[in-house]
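Q: Please take a close look at one part of this assembly. I would like the answer in one connected piece.

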Number of protein chains: 2
Amino acid sequence: MTKVQASEDKDYVQSLVRGLEVIRTFSRYKPRMTLTEVAQQTGMTRAAARRFLLTLVREEYAETDGKYFALRPKVLDLGFAYLSSLPMWEVAQPVMRDVVNALQESCSLAVLDGLDIVYVARVPTERVMTIGLSIGSRLPAYCSSMGRTLLAGLPPAELAAYYDRVKVERRTERTVANMVALKDAIEASRRQGWTLVDQELEMGLRSIAVPVRNRRAEVLAALNVSTHEGRTSIEAMKTRFLPVLLDAAQRISAALPQ
Amino acid sequence: MTKVQASEDKDYVQSLVRGLEVIRTFSRYKPRMTLTEVAQQTGMTRAAARRFLLTLVREEYAETDGKYFALRPKVLDLGFAYLSSLPMWEVAQPVMRDVVNALQESCSLAVLDGLDIVYVARVPTERVMTIGLSIGSRLPAYCSSMGRTLLAGLPPAELAAYYDRVKVERRTERTVANMVALKDAIEASRRQGWTLVDQELEMGLRSIAVPVRNRRAEVLAALNVSTHEGRTSIEAMKTRFLPVLLDAAQRISAALPQ
DNA sequence: ATTATCTTGTGCGTAATACGAACAAATGCT
DNA sequence: AGCATTTGTTCGTATTACGCACAAGATAAT
């Protein structure tokens with residue numbers, strides 16, 4: 001039986017999807033592009049790409065100097081609509097600053113999205129990872145402390161679906177890269193209610209995470225602290241960082257709107 | 001002469017614009033909505049709103065429980081496309097953390113967008129403002145230190161256009177709320193190359209900002225440090241904070257890609 | 001349990017949107 | 001100057017998206 005394509009679905013607005021694809025085409029490596037470049041990157045005809053770009057310019061989501069197009073800050077409003085709709089978002093930030101004040105290490109909040117975690121709040125101290133992290137950044141869930149925490153909080157069917165889709169690969173020589181070991185690690189996270197990941201995502205990076213739950217004990221987000229392996233021992237993370245994180249997660253949960 | 005409506009423009013894709021309006025409808029106060037609520041909020045027919053919502057769900061920008069719709073983290077990718085395309089974004093963050101380490105106060109980076117400033121990076125310490133601030137947050141430009149810094153960096157014609165559009169109003173009893181005084185303040189910012197705003201946006205809030213320039217000396221963004229009036233005197237901001245900020249802005253400028 | 005009200009799902013005819021090809025115009029390179 | 005590449009524009013039309021009307025489902029009131 002032929003699978004119905006999205007565009008054959010009578011309730012699908014493909015002009016919206018195509019326009020969003022144009023926005024997503026811009027990146028660190030392509031901060032500004034010509035009309036022809038956008039068409040090439042998106043696989044659209046030049047005429048179509050042109051209409052989307054001019055529409056984005058007209059609505060102030062993008063700008064042009066007559067040749068090159070670039071996104072404008074109004075695009076952030078779209079993401080901000082999501083952030084501000086998160087129940088824990090407003091209350092998490094002061095709690096996270098308290099964590100940073102107490103431990104002098106970066107603190108982050110993330111949610112699960114597909115195979116990734118997505119950062120929704122962050123109070124950075126000294127840089128720990130090679131790449132800069134910010135709201136909106138994505139990392140693979142299988143080898144990050146917040147990722148494993150969030151996976152551990154999934155209902156069994158969703159976790160099984162995740163295992164079916166994920167392709168684990170070594171990011172460092174310490175990465176857990178076989179499914180049996182990964183499942184064991186996530187089960188351990190579930191049982192002990194926190195997750196410590198040591199240099200699996202990047203050498204030198206050590207982080208510990210706990211779940212943030214709602215009143216029905218569902219896992220909404222993960223909260224972590226990350227440090228450099230030279231600065232903090234695993235034992236210190238368990239004895240000093242974990243109690244602060246558990247308390248912080250509890251405070252966030254308690255402050256959630258009804 | 002009748003003004004041409006956007007939708008009469010042959011190069012305008014109104015389905016994209018309408019779909020983006022659906023995304024923007026979600027907020028802190030409406031984190032989840034029914035189909036009928038979205039239609040009411042956006043002024044669309046129910047059928048149209050339904051198609052946009054189902055399309056967003058299909059593309060994983062939104063989710064539904066069968067009745068209520070909510071945005072998903074994928075929406076952050078749209079804003080992230082903008083953030084990651086900013087030339088100073090990657091290099092600014094470690095510099096801002098150095099500022100926070102040196103001064104123990106929140107440090108932010110913002111750009112101008114219309115009448116507002118929009119936060120594009122932030123390293124918060126203790127909460128200074130009543131509302132939580134984050135990447136994507138907007139504040140009026142006329143009564144914020146980063147706003148006046150960015151306005152001061154505008155070409156004369158753009159600044160004149162801003163003056164034509166802005167409606168200044170008191171946010172506190174200290175807010176500069178007449179155009180002559182505002183223009184003087186911005187001209188002073190331009191001349192001295194930094195801006196200090198004391199309790200004009202909110203009582204208790206004191207902040208100082210400097211411009212971040214590119215190699216052609218154009219102002220790309222503003223960098224600030226904010227504190228509480230009870231914690232730091234104006235004199236201390238000038239003698240202790242300003243040199244650190246000027247140095248930081250210089251380091252960001254120096255690290256910009258060619 | 002029944003009825004009323006409100007919300008959502010769906011089909012369908014069609015208005016109008018968005019399409020893409022083709023050609024003109026502009027720009028950039030040699 | 002000539003050529004290559006990119007962009008702007010027009011236009012016929014394919015197809016998309018529309019909105020109305022009615023059916024179906026859910027919820028609230030009695």
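What does the accessible surface of chain A come to, and what share of it belongs to carbon and sulfur atoms?

A: This is a predicted model, and the values below are computed from it. The accessible surface of chain A comes to about 11700 Å². Carbon and sulfur atoms hold 48% of that surface.

Now the inside. Chain A has 258 residues, and 55% of them are buried. Buried here means under 20% relative accessible area. The chain's secondary structure consists of nine helices and nine strands. Along the principal axes, the C-alpha atoms of chain A fill a box of roughly 60 × 50 × 45 Å. Contacts also reach across the sequence. Take those in chain A between residues at least 6 apart in sequence: 56% of them join residues at least 24 apart.

Next, charge. Chain A carries 35 positive side chains and 29 negative ones. The centres of these two sets lie 3 Å apart.

Last, the partner chain. Chain A superposes on chain B through a rotation of 180°, with 0.0 Å of shift along the axis. The RMSD of that superposition is 0.0 Å. This is therefore the relation of a two-fold axis. The same surface serves both copies, as 100% of the contact residues of chain A recur in chain B. Which residue of chain A comes closest to the rotation axis? That residue is A:Leu16, with its C-alpha at 2.1 Å from the axis.

Key:
Residues are numbered from 1 along each chain as its sequence is written. Chains are lettered from A and ligands numbered from 1 in the order in which they are written. This is a predicted model: local features need pLDDT of at least 70, side-chain atom pairs count only at pLDDT 80 or more; totals for chains, interfaces and linings use all residues. Side-chain values use heavy atoms; hydrogens and water are left out. Copies are superposed by least squares on the C-alpha atoms of residues with pLDDT of at least 70 in both. Contact means heavy atoms within 4.5 Å. Helices (H or I, at least four residues) and strands (E, at least two) are DSSP runs, numbered from the N terminus. Buried means under 20% relative accessible area, exposed over 50%, partly exposed in between (1.4 Å probe, protein chains only). Accessible areas come from the Shrake-Rupley method with a 1.4 Å probe; for residues, only the protein chains shown count as cover. Lys and Arg count as positive and Asp and Glu as negative; His and the chain ends are not counted. The place of a charge is taken as NZ of Lys, CZ of Arg, CG of Asp or CD of Glu.
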